[in-house]
Amino acid sequence: MEQHFKDALRQIYRDKLISNQTPSNYADELFKSSRGYMRKKRNSVVVEALASSETSAEDSKTVTEKTLILDSFHQFGKEKLEDNDNKPVQVEGGEIAAKNVDADGLTNEFSLEACQSLETYLVEQTSQSLTDLRYPSSKLSQEKVRVLFVSDSFNTNSYEDLSDDIKEFTSLFEPDTANLFSRMVKAMKLTPMDYILTSVTYGDEDCLELVLNEVNKFKPDLVISLGVTASHGILGIKKRLKDIHGKFYKIQLNEFQTEVMPLFSPNLLNSAVHMKKMAWDDMQKAMGHLSL
């Protein structure tokens with residue numbers, strides 16, 4: 001918000017305290033020096049002329065003024081939050097904070113006719129070697145997992161002489177990133193039987209169906225989408241990852257409901273070291289959600 005707008009708001013507030021009366025025209029006082037507002041005000045005359053006969057011109061004028069003021073407050077708050085990494089900002093008389101989306105979130109509903117044999121389906125959709133890599137031991141026989149990790153693509157490269165600690169994670173990432181992600185999973189106190197690794201791409205219906213079959217089979221307590229593309233794919237929305245990471249969104253698959261938490265991709269974290277602290281904060285939220 002520009003300084004002259006802030007000064008105008010303070011003046012309105014002082015006038016109200018002195019006179020104990022509400023100014024008759026907040027918008028005129030607040031935006032009287034703005035040529036853009038004066039053009040908008042002239043245009044509003046046309047809008048009012050087209051209003052329903054049930055709505056008086058004065059009501060339309062009040063709505064227009066309130067909208068302008070609220071839009072200005074919203075923009076001011078948005079800029080402050082962006083400058084402060086979306087954390088609450090203390091201002092005179094209170095604080096500016098982002099809306100808490102954890103409580104309601106976004107619901108993406110899916111309907112699925114599950115495949116008869118998940119193992120056969122997985123091999124058909126990817127390959128036998130990739131299926132074996134993602135499902136070591138007896139994971140396919142499990143009925144439930146704690147977490148389904150969803151990356152944005154599978155890694156089809158093969159590697160020799162890899163340690164068992166990272167071998168499974170190369171189904172999604174190159175060895176260096178797989179090593180980092182292995183440490184992240186261990187830091188979350190997840191055992192190898194607690195999670196499944198998979199992939200989805202925004203707009204790829206076949207890829208999404210594969211993930212939904214895995215959700216249907218393993219009923220994860222939490223889906224963690226790794227990176228912006230995977231988050232868009234499972235949530236069905238296109239929003240910046242900086243706006244949705246570390247938050248919980250509900251998804252419904254047939255009769256089963258779970259939640260998705262977007263997290264930064266390990267590919268990004270492997271190169272952007274300064275973001276690891278933010279990723280760890282998000283991981284701690286996931287651990288709290290899972291009571292780990």
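Me: Which residue follows helix 13, and what is its phi near?
Reply: This is a predicted model, so take the angle as a property of the prediction. The residue that follows helix 13 is Ser 291, and its phi is positive, near 60 degrees.

Me: How far does helix 13 reach from its first C-alpha to its last?
Reply: Helix 13 runs over residues 276-290, so 15 residues in total, and the span is 1.5 Å times one less than that number. That gives an expected 21 Å, and the model comes out close to it, with a reach of 21 Å.

Me: How wide an arc do the buried residues of helix 13 cover around the axis?
Reply: The buried set is Ala 279, Asp 282, Met 283, Ala 286, Met 287 and Leu 290. Those residues sit on the same side of helix 13 because the arc they cover around the axis is only 150 degrees.

Me: Which residues are exposed on the other side of helix 13?
Reply: Residues three or four places apart on an α-helix point the same way, because a turn takes 3.6 residues. The buried residues of helix 13 include Ala 279 and Met 283. Over on the other side, the exposed residues are Lys 277 and Gly 288.

Me: How many of the residues of helix 10 are buried?
Reply: Go through residues 228-235 and you find Ala 230, Ser 231, His 232, Gly 233, Ile 234 and Leu 235 buried. Helix 10 is therefore largely enclosed by the rest of the structure, the buried count being 6 of the 8.

Me: Which residue follows helix 10, and what is its phi near?
Reply: Helix 10 covers residues 228-235. Next along comes Gly 236, with a positive phi, near 70 degrees.

Me: Is Ser 199 buried or exposed?
Reply: Ser 199 lies in strand 5 (residues 195-199), and its side chain reaches the backbone nitrogen of Ser 153 at 3.0 Å. Beyond four places in sequence, its contacts include Val 150, Leu 172, Cys 207 and Val 211. Because its relative accessible area is 1%, Ser 199 is buried.

Me: Which side chain does Gln 252 join through a polar contact?
Reply: Gln 252 is found in strand 7 (residues 249-253), and at 18% relative accessibility it counts as buried. Past four places in sequence, it is in contact with Asn 108, Glu 109, Phe 110 and Gln 257. The polar contact is 2.8 Å, and the partner side chain is that of Gln 257.

Me: How far apart in space are Asp 165 and Ser 182, C-alpha to C-alpha?
Reply: Asp 165 has its place in helix 7 (residues 164-167) and is partly exposed, with a relative accessible area of 45%. Apart from neighbours within four places, Asp 165 is in contact with Ser 182 and Lys 186. Ser 182 is 17 residues away in sequence, and the C-alpha to C-alpha distance is 6.9 Å.

Me: Is Asp 161 buried or exposed?
Reply: Asp 161 lies in the loop between strand 4 and helix 7. Its phi is positive, near 55 degrees, in a residue other than glycine. With 80% relative accessibility, Asp 161 counts as exposed.

Me: What is the phi of Lys 189?
Reply: Lys 189 is in the loop between helix 8 and strand 5, and it is exposed, with a relative accessible area of 56%. Although Lys 189 is not a glycine, its phi is positive, about 65 degrees.

Technical notes. Residues numbered from 1 in each chain as written. Heavy atoms only, no water. Helix = DSSP H or I, 4+ residues; strand = E, 2+ residues; numbered from the N terminus. Buried < 20%, exposed > 50% of the residue type's maximum accessible area, 1.4 Å probe, protein only. Polar contact = N/O pair within 3.5 Å; in protein donor to acceptor, adjacent residues only side chain to side chain. Contact = heavy atoms within 4.5 Å. Arc of directions from axis to C-beta.
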